[in-house]
Amino acid sequence: MSEPIEFDNSYCRLPHSFYSHQGPAPVSAPSIIALNKLLAKELGIDYQFLSSPDGLNMLSGNSIVDGSRPIATVYAGYQFGNWNPQLGDGRAILLGEVISGTGHRFDLQLKGSGPTLYSRGGDGRAPLGPILREYIVSEAMHNLGIPTTRSLAAVSTGDSVQRETLEPGAILTRIASSHIRFGTFQYFAAKGDIKELTILADHVISRHFPGALESTNPYLALLDNIMKKIALLVAKWQAIGFIHGVMNTDNMLVCGETVDYGPCAFMDEFDPGKVLSSIDSAGRYAYQNQPGIAQWNLMTFAQALLPLLADAQDEAIDLAKNVLEGFPQEYADQYNGLMARKIGLSSDNPSATDLVTSLLQILQSQNLDYTLAFRSLMAVMAGEPSATHNSKWRAWTQDWLQQFNNSTDRADAGSIMSALNPVCIPRNHLVEAVIEEAQSKGSFESFDQLLAVLQQPYDPKWLDTTYARGPEPGQAVLQTFCGT
Ligand code: AMP
Ligand code: MG
């Protein structure tokens, strides 16, 4: 008889210094909160199984299905600029990998499934609130077209977790192309374990960047590939108004997917200096700092790779520098292209960058909502009477409209814009309301509704609903918490 899930555990075939064998700790009364049917299908996982009692046992960590070899992986990282030589999956367990119908390999990981060797005194558990938040925001990111880890399932455990108060516990099943972090490389590099570093780099090349093998220096090609993935990722964050909030190198995946939905937030009003995370008092991870931090993180990552780049250190440093110096241009090209298209222009339109810059200045000085402002432009483009605004806005829109010569141009621009300017984003006040209802009433009705809306974030059918609006005064969330 075939197994319910065909696991293949390539990470387990790496040396034992990469992980420790660790099963999940059982929970007392698990029940399903959410199961992602579409994602199960993409992964080739039998939905019938997931929704069965055996499936629930797997998703809650109460049993291990045949073929799964659960482990916790080790890594290190720069946290808020400070080096931490040993972190690791403190509350996550990798059940194994699955190969999807399209031949892609994905990690299946439980988050909140009990302590591991790397828990550093933590309980290894997760409260319900942050699990709901990660489920909603990660799925929204995916549907917005941003590379991200995904959520296959959320279950409540029936147990409480002690934080400031007692909170209901939950477990997320997280899917990633891999959970290998900048900090995984940094862990081995810092210990001087060059053999392990090489094995890890080879594993990442064969898993994520097989094209690098065609290069004369595959490890340099690996760095270049990762630099480009991260430039694209952060450009997409900036264009959609996403603030990650905790861009530590243990939260940067080499596959270029967004990971760690702790203190993240979508901006309401456009403010480049915006910081929402309660633990980021210095504003290190403010919205406008994200590209620069990405480059700093890449610099520390490149440092870890140096021993593989060339025999002579000077030469290795020159090679790495050369790649890193390409980051600003790579990022700018991606960001400018996205922003040009958000105002209906092609990336190579010579006026695009200036128009975007002056638009953003207007948004900032008038405290306008970032997402709604672009939707207003779409209305202007469609010839609808402009609900907004004042003379500066009108002057800008007149300049802008001159870029389009006729109704065909305007129709084309409208369709470009509609693909990049969402109607709905997972606004903080919406997410908070869902969590509050789940915690106080044990009801997941609002959660299900918000999830359904964010499945199609660009669909104009939501235009006149509360999901498309910014927060009312008093509704705006001013601070987010990392949710450990
Ligand atoms: P984060 O800030 O979520 O990126 O977490 C940083 C590190 O702390 C990671 O290695 C986590 O696995 C670990 N960690 C976070 N919360 C817990 C917890 N409740 N129990 C054990 N380890 C945790
Ligand atoms: Mg993390």
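User: Helices here are DSSP runs of H or I with at least four residues, numbered from the N terminus. Which helix does I199 lie in?

Analyst: I199 is in helix α6, which covers residues 194–208. Keep in mind that this is a predicted model.

User: Is I199 buried, exposed or partly exposed?

Analyst: Partly exposed: I199 has a relative accessible area of 27%. Buried would need under 20%, and exposed over 50%, so I199 falls in between.

User: What does I199 contact, leaving aside its neighbours within four places in sequence?

Analyst: L14, P15 and F18.

User: And how far is I199 from N289 in space?

Analyst: The two C-alpha atoms are 33 Å apart, while I199 and N289 are separated by 90 residues in sequence.

User: Switching to the magnesium ion, ligand 2. What coordinates it?

Analyst: The magnesium ion is coordinated by N251 through OD1 and by D260 through OD, at 2.2 Å.

User: N251, buried or exposed?

Analyst: Buried, because N251 has a relative accessibility of 7%, and the limit for buried is under 20%.

User: Where does D260 lie?

Analyst: D260 lies in a loop, with β11 (242–243) on one side and β12 (265–266) on the other. The phi of D260 is positive, near 75 degrees, and D260 is not a glycine. Most residues other than glycine have a negative phi.

User: Which other residue has a positive phi although it is not a glycine?

Analyst: R120, with a phi of about 50 degrees. R120 is also in a loop, the one between β7 (105–111) and β8 (126–127). R120 counts as exposed, because its relative accessibility is 59%.

User: Pockets next. How much space is in the largest one?

Analyst: About 790 Å³.

User: What lines the largest pocket, and which residues lie nearest its centre?

Analyst: There are 37 lining residues, and R91, R120, D250, D260 and T484 lie nearest the centre of the largest pocket.

User: What about the largest nonpolar core, which members touch the most others?

Analyst: F185, I343, L363 and W400, out of 103 residues in that core. Helix α7 (residues 218–240) supplies the largest share, 15 residues.

User: Why does this core lie between domain 1 and domain 2?

Analyst: Because domain 1 (11–176) and domain 2 (336–418) both give residues to the core. The centres of domain 1 and domain 2, taken over C-alpha atoms, are 41 Å apart.

User: What does I343 touch, not counting residues up to four places away in sequence?

Analyst: I343 touches A352, L355, V356, L359, F374, L377, W396, W400, F404 and M417. A second, separate core has 27 residues, among them V423, C424, V431 and Y467. In soluble globular proteins, nonpolar side chains tend to be buried together.

How values were computed
Residues numbered from 1 in each chain as written. Chains lettered and ligands numbered in written order. Predicted model: local features only at pLDDT ≥ 70, side-chain atom pairs only at ≥ 80, totals over all residues. Heavy atoms only, no water. Core = buried A, V, L, I, M, F, W, Y, C linked by side-chain atoms within 4.5 Å. Buried < 20%, exposed > 50% of the residue type's maximum accessible area, 1.4 Å probe, protein only. Helix = DSSP H or I, 4+ residues; strand = E, 2+ residues; numbered from the N terminus. Domains from an automatic or database assignment. Contact = heavy atoms within 4.5 Å. Donors = N, O, S within 2.8 Å, 3.2 Å for Na, K, Ca; no water. 1 Å grid on protein atoms, 1.4 Å probe; cavity = no way out; pocket = protein on both sides within 12 Å on 5 of 7 lines; lining within 4 Å. Points joined across faces, edges and corners; volume = space filled by probe spheres on them.
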